[in-house]
Amino acid sequence: MATAEDSRTGEHEGTADPPGWLDRIRATPAGRLTLRIVIGVVGAALVITGLIMVPFPGPGWLVVFAGLAVLATEFTWASRLLAFAKDKVRAATGWLKRQNWFVRIVASALTLLCAGAIIWVSVRLTFGVDLIQEARELLG
């Protein structure tokens with residue numbers, strides 16, 4: 001008799017799931033190598049793109065973690081790094097939650113200050129525009 005667990009795992013009366021498309025690719029040495037290369041390139045591109053996005057408003061760290069998750073499907077070092085990063089983020093978040101409102105406000109202000117400094121330096125180096133000077137001229 002089939003159970004709910006059997007229907008989720010695809011097992012029914014002694015039969016196993018047919019191999020998925022990734023299993024069919026991994027079945028040959030050339031397929032395994034090609035899959036590792038593709039996953040490596042896509043994962044690395046996501047991590048690099050996410051790291052570039054980190055100082056700017058938006059999902060920079062989310063993209064970094066997504067890239068690590070992609071890499072973790074084929075590389076054990078990426079799986080270990082992803083687990084380590086998740087633990088550190090959980091620990092930092094837990095620590096911040098246990099702090100009083102003053103520490104939270106200071107941490108938020110420092111984060112915003114660092115992000116603003118990174119954006120100012122990026123705009124200055126990329127476009128040659130000093131945002132502080134532009135703001136002074138606009139207000140003065």
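**Aromatic pairs and helix packing**

In this predicted model, tryptophan 101 and phenylalanine 102 are both exposed. The whole structure was searched for aromatic pairs, and two were found. In one of them, the ring centres of phenylalanine 75 and tryptophan 77 lie 6.1 Å apart and the ring planes meet at 40°. Tryptophan 77, with a relative accessible area of 45%, is partly exposed. The pair formed by tryptophan 101 and phenylalanine 102 is edge-to-face, with 6.2 Å from centre to centre and 90° between the planes.

The chain contains seven helices and zero strands. Read from the N terminus, its elements follow the order α-α-α-α-α-α-α. The chain has 140 residues, of which 15% count as buried. Among contacts in the chain with a separation of 6 or more, 34% are made by residues 24 or more positions apart.

Helix H3 covers residues 29–53, and helix H4 covers residues 60–72. The axes of these two helices come within 7 Å and cross at roughly 165°. H3 and H4 are therefore roughly antiparallel, because the crossing angle is over 145 degrees. The crossing of H3 and H4 is left-handed. On the H3 side, the contact involves Ile39, Gly40, Val42, Gly43, Ala44, Leu46, Val47, Gly50, Leu51 and Met53. On the H4 side, it involves Gly60, Trp61, Val63, Val64, Ala66, Gly67, Leu68, Val70 and Leu71. By residue class, the contact of H3 with H4 comprises 14 nonpolar residues, five polar residues and no charged residues.

Isoleucine 52 also belongs to H3. Its relative accessibility is 55%, and isoleucine 52 counts as exposed because this value is over 50%. Isoleucine 52 and valine 64 are twelve residues apart along the chain, and their C-alpha atoms are separated by 9.5 Å. Valine 64 is among the H4 residues that meet H3.

Glutamate 74 is located in the loop between H4 and helix H5 (76–98). With a relative accessibility of 16%, glutamate 74 counts as buried, because the value is under 20%. When residues up to four places away in sequence are not counted, glutamate 74 touches Arg26, Leu35, Arg36 and Ile39. One of these, Ile39, also takes part in the contact of H3 with H4.

A further helix contact was found between H5 and helix H6, which covers residues 101–127. The axes of H5 and H6 are 8 Å apart, and the packing angle is about 130°. H5 and H6 are therefore oblique to each other: an angle of about 130° lies between the range of 65 to 115 degrees for roughly perpendicular axes and the limit of 145 for roughly antiparallel ones. H5 contributes Trp95, Leu96, Lys97 and Arg98 to the contact, and H6 contributes Val103, Arg104 and Ala107. The residues of this contact consist of four nonpolar, no polar and three charged.

Technical notes
Residues are numbered from 1 along each chain as its sequence is written. This is a predicted model: local features need pLDDT of at least 70, side-chain atom pairs count only at pLDDT 80 or more; totals for chains, interfaces and linings use all residues. Side-chain values use heavy atoms; hydrogens and water are left out. Rings of Phe, Tyr and Trp (its six-membered ring) pair if their centres lie within 6.5 Å; planes under 30 degrees apart count as stacked, over 60 as edge-to-face and the rest as tilted. Buried means under 20% relative accessible area, exposed over 50%, partly exposed in between (1.4 Å probe, protein chains only). Helices (H or I, at least four residues) and strands (E, at least two) are DSSP runs, numbered from the N terminus. Axes are lines fitted to C-alpha atoms, for helices over the stretch in contact, and angles run from 0 to 180 degrees between N-to-C directions. Angles under 35 degrees count as roughly parallel, over 145 as roughly antiparallel, 65 to 115 as roughly perpendicular and the rest as oblique. A crossing is left-handed if the near helix is turned anticlockwise from the far one by less than a right angle, and right-handed if clockwise. Contact means heavy atoms within 4.5 Å. Ala, Val, Leu, Ile, Met, Phe, Trp, Tyr, Cys and Pro count as nonpolar, Asp, Glu, Lys and Arg as charged, and the others, Gly among them, as polar.
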